[in-house]
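Subject: Structure handover

Hello,

Here is the structure I promised to pass on. Please open it alongside this email.

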Amino acid sequence: MEIALRAALIDWLKADPALTSALNAVVEEAPTRTPLPWLAIAASASADWSAKDRMGREVRIALELHCRGDAPGTAASLTAAIEARIAALPPAQTGFRVVSTTFLRARAEQRAANTRAILIEYRFRLLAD
């Protein structure tokens with residue numbers, strides 16, 4: 001279910017016209033030659049969250065937004081749009097149902113050459129159909 005959730009989440013984010021107009025890429029891995037800004041899955045991990053009658057997983061996914069800017073508020077509106085889109089992920093997915101979506105933490109860091117990286121981590125609880 002972890003791999004299926006990763007794919008569904010990327011597809012869901014790519015389907016948002018506002019995000020796709022603001023980002024040069026929404027991908028599962030960090031792109032090698034894509035100009036900033038872009039969004040990628042940085043990491044994921046899953047654990048058992050099964051019920052008596054259904055298989056389940058708790059999946060943690062960390063997304064990383066890479067952009068340019070000196071100001072601490074750089075990409076604040078873009079980050080808010082990403083968070084709103086993730087919160088609106090439909091529960092019914094192919095092969096599983098998203099029972100809950102929980103924001104866990106975020107971290108922003110200034111990097112070399114006037115770039116920023118914003119890490120956004122979520123927990124998804126899933127049950128198989």
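Below is what I found in it, element by element.

One caution before the details: this is a predicted model.

**Strand β6 and its neighbours**

Start with strand β6, residues 115-128. Of its 14 residues, 13 are buried, so the strand is largely enclosed by the rest of the structure. Strand β3 (residues 56-68) runs antiparallel to β6, and 13 bridges join the two. Look for Glu 64, which stands opposite Leu 119 in β6. Strand β5 (residues 96-111) also runs antiparallel to β6, with 14 bridges between them. Here Val 98 has Leu 126 of β6 as its bridge partner. β5 and β6 form a hairpin with three residues between the strands. In that hairpin, Ala 113 takes a positive phi near 60°.

**Salt bridges**

Side chains of opposite charge can pair when their charged atoms come close. How many salt bridges does a search of the whole structure find? The search finds nine.

One of them joins Glu 28 and Arg 6, with the closest N and O atoms 2.6 Å apart. Glu 28 lies in the loop between β1 and β2 (38-48) and Arg 6 in helix α1, so the pair ties together parts that are 22 residues apart in sequence. Arg 6 has a relative accessibility of 12%, so it counts as buried. Glu 28, at 35%, is partly exposed. Helix α1 covers residues 2-14. Besides Glu 28, Arg 6 touches Ile 41, Ala 43, Ser 44 and Ile 61, leaving aside residues up to four places away in sequence.

Arg 60 pairs with Glu 58, their closest N and O atoms being 3.7 Å apart. Arg 60 is partly exposed at 32% relative accessible area. Glu 58 is buried at 16%.

A further salt bridge links Glu 121 and Arg 105 at 2.9 Å, N to O. Glu 121 sits in strand β6 and Arg 105 in strand β5, so this pair connects parts 16 residues apart in sequence. Glu 121 is buried at 14%. Arg 105 is partly exposed at 44%. Shared partners also join Glu 64, Arg 107, Glu 109 and Arg 111 into one salt-bridge network.

**Asn 24**

Last, a loop residue. Asn 24 lies between α2 (17-22) and β1 (26-27). Its relative accessible area is 45%, so Asn 24 is partly exposed. Asn 24 and Pro 35 are 11 residues apart in sequence, and their C-alpha atoms are 6.6 Å apart. The side chain of Asn 24 reaches the backbone oxygen of Leu 36 at 2.9 Å.

Best wishes

Definitions and conventions:
Residues numbered from 1 in each chain as written. Predicted model: local features only at pLDDT ≥ 70, side-chain atom pairs only at ≥ 80, totals over all residues. Heavy atoms only, no water. Helix = DSSP H or I, 4+ residues; strand = E, 2+ residues; numbered from the N terminus. Buried < 20%, exposed > 50% of the residue type's maximum accessible area, 1.4 Å probe, protein only. Polar contact = N/O pair within 3.5 Å; in protein donor to acceptor, adjacent residues only side chain to side chain. Pairing = 2+ DSSP bridges. Contact = heavy atoms within 4.5 Å. Salt bridge = Lys/Arg side-chain N within 4 Å of Asp/Glu carboxyl O.
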